[in-house]
Amino acid sequence: MSTNLNNIYIADAYYRLSREDGDKAESDSIVNQKALVKEFLKVHPDIHIHEEKVDDGYTGVNFERPAFQAMLEDIKSGKVNCVIVKDLSRFGRNYIEAGRYIEKIFPYLGVRFIAINDNIDTASGLNASEEILIPFKNLINDAYCRDISIKVRSHLDIKRKNGQYIGSFAPYGYKKSPENKNQLIIDEPAADIVRRIFQWKIEGMSGTRIANKLNELGIPTPIEYKHMNGEKLQCSFQKKADAKWMANGVNRILRNEIYTGVLLQGKTYSPNYKVRKRIKKDEKDWIRCEDSHEAIISKEDFQLVKDCFQTDTRVAPDEQSLYLFSGIVKCGWCGGNMTRKTIPINGKKYIYLVCIENKNKNGCKNNKTISLEKFEKIILKIINLHIENVFELDQMMKTMKRIPYNSYLSEKLQNAIQEKETQIDKKRQYIHDVYEDYKEGIVNKEEYLELKEAFRSGINTLESEISALNEEIRKLSVEKADRIQWIEQFIHCRGFQELSRELLLRLVEEIRIFDKDRIEVIFKFQEEYEDLRNFTL
C-alpha cells in the first residue's frame with residue numbers, strides 16, 4: 001500500500017450480525033450499523049466509501065466469513081486503505097485474531113482502522129492507554145461470546161434431554177408442529193413413502209432396487225419434497241441438480257431410528273466455541289429419548305430391517321429381490337452361508353443348497369446337498385408346527401391369570417441376581433486372598449495388582465448385569481401382563497400356505513443344515529417360548 005496522498009481514505013464499511021453470539025437484533029442490526037457509519041461519514045469528508053461488506057448470520061469468533069474475506073482481498077489489491085466498523089464486537093469476538101489484525105496486519109498494510117463507538121481511529125495514533133484498552137475490550141468481547149456459547153449449549157442440552165427436536169429441518173416423513181417448533185408430527189404423504197421403503201426392504205428388495213423403483217414411480221427425493229413445500233433446505237448429500245433416489249439415501253432412511261418414535265440427538269460436538277469442526281461422540285454419549293413423537297414404523301419392523309443389514313443382502317443381477325433364504329440358512333458344521341447351486345439334468349434345472357465354504361474349497365467337510373424344493377417343504381412344515389405350539393400356549397395362558405407369569409419371571413430374575421451376588425462375594429474373597437499371598441511373598445506386586453484389577457473388573461461387570469436385571473424386574477411390576485406380546489407375531493402368521501421373505505424374517509433367527517436328515521430351525525423369541533412352556537407345564 002503506497003503512502004496516502006492528500007489525506008483521502010478509500011474505505012470498506014464492515015457490518016456483522018449473529019444471534020449465535022448473543023447479538024441484540026434491535027441495537028446491533030445491520031440497518032442500525034449502517035446508519036451509525038453514515039452519520040460518522042458526514043463529519044469525516046476525508047473518507048470515501050468503496051463498498052459496504054455485510055456478514056449477516058456469521059459468528060464473530062471465526063474470521064473465515066465471506067464478506068470479511070472479500071474486504072481483505074480489497075485491501076490486498078490496493079482498492080481500499082481504511083476499514084470502518086460500528087465497534088470492536090462487530091469486527092470480531094476472537095481477541096487473539098482481532099488483535100492480530102488491528103495491531104499487526106492493518107498497520108503493516110497501511111490500513112486505517114476505525115471503531116466508532118469505541119473511539120478508536122488508528123490514523124490519529126493510539127496513546128498508551130488506548131493501546132492497552134483495545135486488547136482488554138477484545139478480551140471482553142471474546143469472553144462474552146464464550147459465556148453465550150456455554151449458555152446456548154446448556155439450553156440445547158436441556159431441550160434434547162426433554163425430548164425436544166432442535167434440528168433446523170424435520171427429517172423426511174415428519175414436519176414441525178405449527179404450535180411447537182420443537183415437536184415433530186407426521187407428514188403423511190412423505191410418511192407413506194417411508195412405510196413403503198421399509199416394507200420393500202422387509203420383502204427382500206435391496207437399497208438400489210428400492211431407489212430405482214422410487215425413481216420409476218416419480219417419487220420426489222426428500223430434498224425435492226422439502227423444496228416443493230417451500231423449505232429452503234440445503235443438503236450436503238445432494239451432488240446433482242436433478243436429484244434422484246440413490247441406495248445410500250434409502251439406506252439412511254432404513255437405519256434412522258427416529259421413525260420408531262426415538263429421538264437421538266447430541267451425536268457430535270465442537271471442542272469449544274472457537275472451533276467449528278464437529279467431532280463424533282461415542283454412541284453411549286448420545287442423548288436418547290423414547291416415544292418423543294409419533295412413530296411411523298413399529299419397533300418390530302425396524303428391528304427386522306436392522307437384521308436384514310446384518311445378513312447376506314446381495315441380489316442377483318437379474319432379480320428384483322433377495323433369495324428367500326438369503327443370509328438365514330447356515331451350514332450346521334462351519335457356520336458359513338448355504339448357497340444355491342443349479343444342476344441341469346435331462347434339460348431340466350434342479351436347484352440345491354450347498355455350503356459355500358465347501359463349494360469354495362475353504363475347509364468345510366460338509367459336501368452334502370439338499371434339494372431346495374424339498375427344503376422349502378420341510379421348513380414350511382416346521383414353522384407351521386411351531387406356530388401351532390405357540391397357539392396352544394396362548395390358549396393355555398388365556399385360562400390362567402397372566403400376573404402369576406410375571407411373578408414367575410420375576411422370581412427367575414431374582415435367582416439370577418442371587419447367583420451373580422454370590423459370584424461377587426467370591427471375587428471379593430479372591431481379592432482378599434491374593435493380598436494375603438502378596439504379603440507372604442507368594443506373588444509379587446505386579447502379579448498382585450494384575451490379579452486385583454482382573455477381579456475388580458469382573459465385579460464391575462457383574463454389578464452392571466445386576467442393575468440390568470433389577471431394571472427388568474421393575475419393568476415387570478409396571479407392565480403387568482404385557483410380557484407375552486411376542487405370541488401375536490406368531491399367531492398372526494397361523495395357517496399360511498407358502499413361505500415368504502417377510503415371514504422368515506419375522507419368525508426365524510437362523511436355519512442350520514447338517515444334512516438332509518438333520519435341520520435345526522432357531523426361532524425368534526426362543527428363550528421367551530421356553531420360559532412360557534416351562535411355566536405352563
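Author: Let us begin with burial, for which we need a cut-off: a residue is called buried when its relative accessible area is under 20%, exposed when that area is over 50%, and partly exposed in between. Please keep in mind throughout that this is a predicted model.

Reader: Which residues of helix α9 are buried?

Author: In α9, the buried residues are Ala247, Gly249, Val250, Asn251, Ile253 and Leu254. The helix, which spans residues 247-254, is therefore mostly covered, with six of its eight residues buried.

Reader: What do the buried residues of α9 pack against?

Author: They pack against three helices, namely α6, α7 (207-216) and α10 (299-310). Valine 194 is buried, its relative accessible area being 0%. Leaving aside residues up to four places away in sequence, valine 194 touches Tyr172, Gly173, Ile253, Tyr259, Ile296 and Ile297; Ile253 in this list is also one of the buried residues of α9.

Reader: How many residues apart in sequence are valine 194 and isoleucine 296, and what is the distance in space?

Author: Along the sequence they are 102 residues apart, whereas in space their C-alpha atoms are 7.8 Å apart.

Reader: Where do arginine 160 and aspartate 157 lie, and how are they separated?

Author: An α-helix has 3.6 residues a turn, so residues three or four places apart point the same way. Both partners belong to helix α5 (residues 128-161), and because they are three residues apart there, about one helical turn separates them.

Reader: Is glutamate 188, then, buried or partly exposed?

Author: Glutamate 188 is partly exposed, at 42% relative accessibility, and its side chain meets that of arginine 195 in a salt bridge with an N to O distance of 2.7 Å. Arginine 195 is partly exposed as well, with a relative accessible area of 28%.

Reader: Which parts does the pair of arginine 428 and glutamate 463 tie together?

Author: The side chains of arginine 428 and glutamate 463 form a salt bridge, 3.4 Å from N to O. Arginine 428 sits in helix α13 (residues 403-439) and glutamate 463 in helix α14 (residues 445-479), so the pair ties together parts that are 35 residues apart in sequence. Both are partly exposed, arginine 428 at 44% and glutamate 463 at 34%. Elsewhere, salt bridges with shared partners join Glu257, Arg288, Glu290 and Lys299 into one network.

Reader: Finally, what is the order of the strands in the open sheet of three strands?

Author: The order is β12-β16-β17, and the pairing is mixed. At the edges stand β12 (329-331) and β17 (518-523), each with a single partner strand, so one side of each has no neighbour in the sheet. From one strand to the next, the twist averages 25°. Strands β12 and β16 (residues 508-515) run parallel and are joined by three bridges; valine 329 has isoleucine 511 as its bridge partner in β16.

Key:
Residues are numbered from 1 along each chain as its sequence is written. This is a predicted model: local features need pLDDT of at least 70, side-chain atom pairs count only at pLDDT 80 or more; totals for chains, interfaces and linings use all residues. Side-chain values use heavy atoms; hydrogens and water are left out. Helices (H or I, at least four residues) and strands (E, at least two) are DSSP runs, numbered from the N terminus. A salt bridge is a side-chain nitrogen of Lys or Arg within 4 Å of a carboxyl oxygen of Asp or Glu. Buried means under 20% relative accessible area, exposed over 50%, partly exposed in between (1.4 Å probe, protein chains only). Two strands pair if DSSP finds at least two bridges between them. Axes are lines fitted to C-alpha atoms, for helices over the stretch in contact, and angles run from 0 to 180 degrees between N-to-C directions. Contact means heavy atoms within 4.5 Å.
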